[in-house]
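Grab a pencil and keep the 3D view open while you work. Try each exercise before you read its solution.

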Amino acid sequence: MSLWIQGYARVALYSCLVNGVLAAAKYGLGAASGSLALKADAIHSLADVISALTIFSGILIADRKTKTFPEGLYKVENLVALVSSLFIFFAAYEIAWEALSSHQAYRIQNLSVVVAGIVFIIVVTFLFSRYELKVGLAVGSPSLVADARHVATDLLSTLVILVGVLGSFSGYHLDRYAALVVAVLVAKMGFQILLDSIKVLLDATLDYATLEGISKVLESHPNIKDVISVGGRSSGRYKFVEITVAMDVRLLREAHVVISDLEEEILDRWPDIDRILIHYEPEKRDSVLVASPLDSDEALPSPEQSGLSDHFGSAPYFVLIRKNLQEGSTHVQEILPNPFLALERKKGVKVAELLAAQSVDQVWTRADLEGKGAGYALDALDIEVVPTTARSVEELIREIQLSSRVDWS
């Protein structure tokens, strides 16, 4: 277990100890004063100890990875938060029941000691609940946040008891009405924790503001042509984001660089996100550009009459043929001369780079490029090599029209 997790679990253990001390203090004050409310609140604090122990156990279990649960038992914390919300509902019931069922006026003994003790309990409860809430929000732990709010219910119930003690001393019995107001507030808090826990357990999406912010980061990147989907979910204190985008990149390594940049920027802006998974797709195209080596130039009556070369790097010309994917039409776009004929070595590699600069998607050729420098270069440049038996541009155009090899987008 990491030092960070150890510190995180330590806060939950502190909650167990604090609630235990508070329960003992309330019971002692109740015995010294004869206050039934204080004794009942001591029992309530014992329920808090049980709740805190459950949360501490949940934190220890959440990061355990097994063969059955290889990603860890993250949602155990949300289950614990849900259980904690039930304790809060029980606390609301206790307060309301005490307010409605108690009709006797109890004589409080040792008033100054009791009031001082209650004030001390209120201060300790307030300081610890604020500390636990701060830690819980900082690490994104639903169970710590739930327990901090649960501890805050102790503060409210103790305030009610203080009002009751002072009221009974003055002859006014206002604690019953204050207790009913507190019971409603406590029940509302428990309902919110219950609702948040159920959302995570049912894999509800992340909040709209976070997803919208991530979408804007993606849309601002020059290589992202379309944001197809942005989704996410919470699991315990962890958040997971899954993204699908369309990218305008030719090479796989370029796509990896773009994805790494996006992940780094998103994590910098939202450090509470634990994991990002980005799927990328090539930009949808309206057409495909095909290149093929020629053994003659454009001096013929029409480019379609040109013959295809049996060579690649030493071919004098290359024909560029564009197929419209929506209409299905195919036409010769350009005849490109080979400026590297005079080179003694690496002519094929240079031609591959030239075709990549022209945004060529596929090379249809009679030449066998497998295991050759030109073949490796075309593969590295993400240009697909398609073998053909066509002898002329006219035959090649017919073959391209009929083939499904160029019907991708």
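Residues are numbered from 1 along each chain as its sequence is written, and side-chain values use heavy atoms, with hydrogens and water left out. Because the model is predicted, local features need pLDDT of at least 70 and side-chain atom pairs count only at pLDDT 80 or more, while totals for chains, interfaces and linings use all residues.

**Exercise 1. Find the salt bridges within helices, and say how exposed their partners are.**

Step 1: know what to look for. A salt bridge is a side-chain nitrogen of Lys or Arg within 4 Å of a carboxyl oxygen of Asp or Glu. The whole structure has 3 of them.

Step 2: go to helix H8, residues 252–269. (Helices are DSSP runs of H or I with at least four residues, strands are runs of E with at least two, and both are numbered from the N terminus.) Here arginine 269 pairs with glutamate 265, and their closest N and O atoms are 3.1 Å apart. The two are separated by about one helical turn, because they sit 4 residues apart in H8.

Step 3: check exposure. Buried means under 20% relative accessible area, exposed means over 50%, and partly exposed is in between (1.4 Å probe, protein chains only). Arginine 269 has 52%, so it's exposed; glutamate 265 has 28%, so it's partly exposed.

Step 4: move to helix H11, residues 393–402, where arginine 398 and glutamate 394 are also 4 residues apart, about one turn. Their side chains meet in a salt bridge at 3.8 Å, N to O. Arginine 398 is partly exposed at 44%, and so is glutamate 394 at 43%.

Why does this spacing work? An α-helix has 3.6 residues a turn, so residues three or four places apart point the same way.

**Exercise 2. Which parts does the salt bridge of arginine 366 and aspartate 310 tie together?**

Step 1: look at the distance. These side chains meet at 2.6 Å, N to O.

Step 2: place each partner. Arginine 366 is in the loop between strand E7 (362–365) and helix H10 (373–380), and aspartate 310 is in the loop between strand E4 (287–294) and strand E5 (317–324), so the bridge ties together parts 56 residues apart in sequence.

Step 3: classify them. Arginine 366 is partly exposed at 26%, and aspartate 310 is partly exposed at 46%.

**Exercise 3. Which residues have the most contacts inside the largest nonpolar core?**

Step 1: define it. A nonpolar core is a set of buried Ala, Val, Leu, Ile, Met, Phe, Trp, Tyr and Cys residues joined through side-chain atoms within 4.5 Å.

Step 2: name them. The largest core has 21 residues, and Phe312, Phe318, Leu355, Val360, Val363, Leu378 and Ile383 have the most contacts inside it.

Step 3: trace the suppliers. E4, E5, H10 and helix H9 (347–357) each give at least two residues to this core, and H9 gives the most, with 5.
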